[in-house]
Amino acid sequence: MPSVKNNILLNGINTLTGILFPVVTFPYAARVLLPEGIGAVNFLNSVVSYIVLLTSLGIPMYAVKEIAKYRDDKAQRDKTTVEIIILSTLLCVFGYVIVWLLSEFVPQIERQSSLFYVLSLTILFTAIGVNWFYQGIEDFKFITIRAIIIRTLSAAALFLFVRDSSDLLIYGFIIVGSTVGNNIINFIHLRKHIGLNAIRFSELNIKKHIRPSFEVFILNLIISLYIQLNSIMLGFMSGDEAVGFFTAGTKISHIGLTVIASLGTVLLPRCSHLIKSGDMENFRQIINKSLNVTLGLSLPMTVGLMVLALPITMIFCGSEYLESIPVLYLNAPVIVVISLTNIMGIQILYPMDKTRLVILSVSGGAIMNLVLNIFLIPPFGATGAAISTLAAELTVLVIQLAAGRKYYPFGIKDLFNVRYLASALVMGTAVYLCTLWTDSYAWQLISGLLTGIIVYAIMLLVMKDPMINEIIQIVNKRTSNGRKRI
């Protein structure tokens, strides 16, 4: 069984390249395509995301848990894999019927039907991608290598072929390629793991996967109401430009969130396996470490994004996106909130088969988001959608704390870690002072980042934080091992 530390390292590399891709490409795309072009792509991509959500039927998350359960039973694992692939393929056909209907009968989509069809390739690539299989067997090395290759090629294609605002179709192909294009490699590589000769197709039972994956579908559908629905409601109520401002602000904040969310990707299969095997002691240890790492990373990210919102927006998006700054302010705290609900919902409640509690919490968040969007988007546009998002995520957190507290292997008071909170506030003050000594946005960002990292690390050392001490021990151990080899 691969070690959790190696999996976190590999997934961290994968996540880092996933962060670098938009960091490198989005500033260029934002300036070339302008807010209207970015907004059009994000609007149509949000619609496609709903179709992907519908045709996936919750399979990706459900399948990770199922494959992790049967990781040591190859016959059952192979049978389960084939059953889920067949189900995904059937649902994919249904998805393209919806694509055709929308492109023919919805005016806002019919005007850009070519771009819509290009973005809809995500449906096919998601169906055949079987990314859930590699997560379930914890083959993060393969996931990481192919992701780096595809993202590098996608970035090169963007700079070579997207030259002006008329290149939306090319940009659409690149978006699809960078996110799910590598799923083709996943499907081809699967033959090395699955032995079809040993499978009796007459014994396959596809129906048994429908109900449990449908529960996850309901969960994902409700979550999407306050993720993708914001862009769709903005598109209909305020236009593509407002979607562009909202996209810029949320994309920047989600870069930080991606780092934290990667822990859930690694720990979901491991937590599912530990719970099934009854090893609750190791489960508790993993969750408590995950909580410390999550708080230790999300709090300084949130503070840093809020303090450096202006230089970040000016450098990565340009002066045309100044209206995105309030969106970034409001989305920064979402990093902490979603990070905590990711631990409670994905790493604890879902592996324990408490899916209904998670559905209850996200239902509350979806209702809050929908109601607030109706009232806040018309007068405030993108900023109103950002307010709705923050309120929705806080609602999810409160409900999970109230309804699921007896299942958590930690106390609620542990969520308010004084060490990380105090260190983040001191760091934020130091970063703010850095922004006062120069008018250069580039130097504000560079000096702010370096100062923030140094001050935060020093604060954790002074407070004798266990996480920073463990990192130092790992570094010292590897350094000493390297010297011994020499």
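At what angle do the axes of helix H6 and helix H9 cross? Keep that in mind as you go through these close-ups, which all come from a predicted model.

**Figure 1. Helix H6 meets helix H9.** Here is the answer to the opening question: the axes of H6 (residues 121–128) and H9 (residues 168–180) cross at roughly 15 degrees, and they come within 10 Å. Angles under 35 degrees count as roughly parallel, so that is the label H6 and H9 get. The crossing of these two helices is right-handed. From H6, the residues to look for are Leu-121, Thr-122, Phe-125 and Thr-126. Their partners in H9 are Phe-173, Val-176 and Val-180. Sort the residues of this contact by class and you get five nonpolar, two polar and no charged ones.

**Figure 2. Helix H2 packs with helix H3.** Now try another pair: H2 covers residues 59–69 and H3 covers residues 74–105. Their axes are 10 Å apart, at an angle of about 170 degrees. Since angles over 145 degrees count as roughly antiparallel, H2 is described as roughly antiparallel to H3. H2 brings Ile-59, Tyr-62, Ala-63, Glu-66 and Ile-67 to the contact. On the H3 side you'll find Arg-77, Thr-80, Thr-81, Ile-84, Leu-87, Ser-88 and Leu-91. By class, the contact of H2 with H3 has seven nonpolar residues, three polar and two charged.

**Figure 3. Ser-120 sits in a loop between two helices.** The helices on either side of this loop are H5 (113–119) and H6. Is Ser-120 buried or exposed? Its relative accessible area is 1%, and buried means under 20%, so Ser-120 counts as buried. Skip the residues up to four places away in sequence, and Ser-120 touches Val-48, Tyr-96 and Val-99.

**Figure 4. Asn-331 is a buried residue of helix H16.** The helix runs over residues 325–349. With a relative accessible area of 2%, Asn-331 is buried. Which residues is Asn-331 in contact with, leaving aside its neighbours within four places in sequence? They are Thr-250, Ser-253, His-254, Ala-386 and Thr-389.

**Figure 5. Phe-43 and Phe-236 form an aromatic pair.** The structure holds six aromatic pairs. In this one, the ring centres of Phe-43 and Phe-236 are 5.5 Å apart and the ring planes are at 85 degrees, so the pair is edge-to-face. Phe-43 is buried, at 4% relative accessible area, whereas Phe-236 counts as partly exposed, at 46%.

**Figure 6. Phe-133 and Tyr-134 make an edge-to-face pair.** The centres of their rings are 5.5 Å apart and the planes meet at 90 degrees, so this pair is edge-to-face. Phe-133 has a relative accessible area of 0%, so it is buried. Tyr-134 is buried too, with a relative accessible area of 0%.

**Figure 7. Zooming back out to the chain.** The chain has 21 helices and zero strands. How many of its 486 residues, as a percentage, count as buried? The figure is 54%. Now take the contacts with a separation of 6 or more: residues 24 or more positions apart account for 85% of them.

Technical notes: Residues numbered from 1 in each chain as written. Predicted model: local features only at pLDDT ≥ 70, side-chain atom pairs only at ≥ 80, totals over all residues. Heavy atoms only, no water. Axes fitted to C-alpha atoms, helices over the stretch in contact; angles between N-to-C directions. Helix = DSSP H or I, 4+ residues; strand = E, 2+ residues; numbered from the N terminus. Parallel < 35°, antiparallel > 145°, perpendicular 65-115°, else oblique. Left-handed = near helix turned anticlockwise from the far one by under 90°. Contact = heavy atoms within 4.5 Å. Nonpolar A, V, L, I, M, F, W, Y, C, P; charged D, E, K, R; others polar. Buried < 20%, exposed > 50% of the residue type's maximum accessible area, 1.4 Å probe, protein only. Phe/Tyr/Trp six-rings, centres within 6.5 Å; stacked < 30°, edge-to-face > 60°.
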